[in-house]
Amino acid sequence: MPGGRASGSPLDEAAGAAGPHTVEGFKLLSDETRLAILLALWEAYDPEEGRGTVSFSDLCDRVGAADSGNFAYHLDKLAGRFVDEHEAGYALSNAGHRVVRSVIAGTGLEEATLEPTEIPRSCPTCGDPLEITYRDQRLYQRCSECEGSLGPSSPLRAPEGTVTVHDDFEPAGLAGRTPEEVFVAGTIDQTLALALVVRGVCPACTGSIEDALHVCEDHDPPVGHRCGACGTRDEVRARYVCSVCKFNVSYPAWCVTLDHPASLAFYHDHGFEGTYGLEDPETTARLWERFRRRQQIVDRDPLRVRVVVEDAGETLALLLDGELDVIEVEGPRPVAAERASLGDR
Ligand SMILES: [Zn+2]
Ligand SMILES: [Zn+2]
Ligand SMILES: [Zn+2]
């Protein structure tokens, strides 16, 4: 009901672009018996065994419903959307699984905290060791010595000293992991999320992603400090927003080139096989650090950003246009040749 204001229900008023279908979904869930049905079906579900189908009478018992007529009414409301009906009984539908899963992921099975813990990564600005900490449902990598790359005035509203923020690291990600494992899991998740958004797929809902480069028009960071205008060290950042669920994330523009084919060939030639995982925390910890890039706006109209990665005396340069496409690759070539070409500019 776009723009509709007739019903007077606060749900309809507030829904906006989320629309009546979403409102209906929330209404269906706003009842204790229905939530109990979803949780009981979740409890009965065994990933090893498959569906976890529960008969009507068994489900009624599990929920402890005294009035089976009333119970049947609520079950019927959920059927077709959050609950599937089979010959042998009832099971969570995919949407039902997602509802329960998202609450569990978002709240964790127990309270999720992580005190600041040093990690095997150094601050790109001052070289001191970084630490990770979890608060406000975000995983931060922070430097205790310098002011980091992102601050309170950045769009991510990060605490002082923040180097990176993992904006949607769920509390569930802390469960059963040491701080080191949390760090490695966060790095893997961020790497894969980046790989999805640069290909136009939302990591949260598979919806379509819209991307744009944002340039700080007043970028003027004093030496060794962040820019006062944008709160970051990056004059140009890539921003990705899901057109369906509003998932959004931003990275320095150079991140766009992290898994470009030319970059992958460069890593390979420099002895990095590109495999990473919890079983190889060392490689994973170095993943972003080793191939850290420099970026520079070389043209404003049309926008062109030159990204340079350097390793063992060689550089690879990739030129990005305003649509975040790599339109030119130079190298690999010796560092001296890159310096000479910078001198030409
Ligand atoms: Zn630092
Ligand atoms: Zn700025
Ligand atoms: Zn989405």
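This is a predicted model: local features need pLDDT of at least 70, side-chain atom pairs count only at pLDDT 80 or more; totals for chains, interfaces and linings use all residues.
Begin by colouring the chain by its domain assignment, which gives domain 1 as residues 31-107, domain 2 as 114-252 and domain 3 as 261-344. Then keep domain 2 and domain 3 in view: their C-alpha centres lie 19 Å apart, and 17 residues of domain 2 are in contact with 15 residues of domain 3. On the domain 2 side of this contact, select strand 3 (114-122), helix 7, strand 7 (209-215) and strand 8 (236-242), the elements that each give two or more residues to it. Helix 7 gives the most, with 7 residues, and the residues of this side of domain 2 divide by class into 10 nonpolar, 2 polar and 5 charged.

Next, select helix 3 (residues 32-44) together with helix 5 (residues 68-78), whose axes come within 9 Å and cross at roughly 70°, so that helix 3 is roughly perpendicular to helix 5. The crossing of helix 3 and helix 5 is right-handed. To see what makes the contact, show the side chains of Thr 33, Arg 34 and Ile 37 on helix 3, and those of Phe 71, His 74, Leu 75, Lys 77 and Leu 78 on helix 5; by class, this contact has 4 nonpolar, 2 polar and 2 charged residues.

Finally, return to helix 7 (residues 179-197) and pick out Ala 195 within it. From Ala 195, draw a distance to Pro 129, which is 66 residues away along the chain, and the C-alpha atoms of the two will be found separated by 27 Å.

Conventions:
Residues are numbered from 1 along each chain as its sequence is written. Chains are lettered from A and ligands numbered from 1 in the order in which they are written. Axes are lines fitted to C-alpha atoms, for helices over the stretch in contact, and angles run from 0 to 180 degrees between N-to-C directions. Helices (H or I, at least four residues) and strands (E, at least two) are DSSP runs, numbered from the N terminus. Angles under 35 degrees count as roughly parallel, over 145 as roughly antiparallel, 65 to 115 as roughly perpendicular and the rest as oblique. A crossing is left-handed if the near helix is turned anticlockwise from the far one by less than a right angle, and right-handed if clockwise. Two residues are in contact if their C-beta atoms, placed from the backbone, lie within 7 Å. Ala, Val, Leu, Ile, Met, Phe, Trp, Tyr, Cys and Pro count as nonpolar, Asp, Glu, Lys and Arg as charged, and the others, Gly among them, as polar. Domain bounds come from an automatic or database domain assignment.
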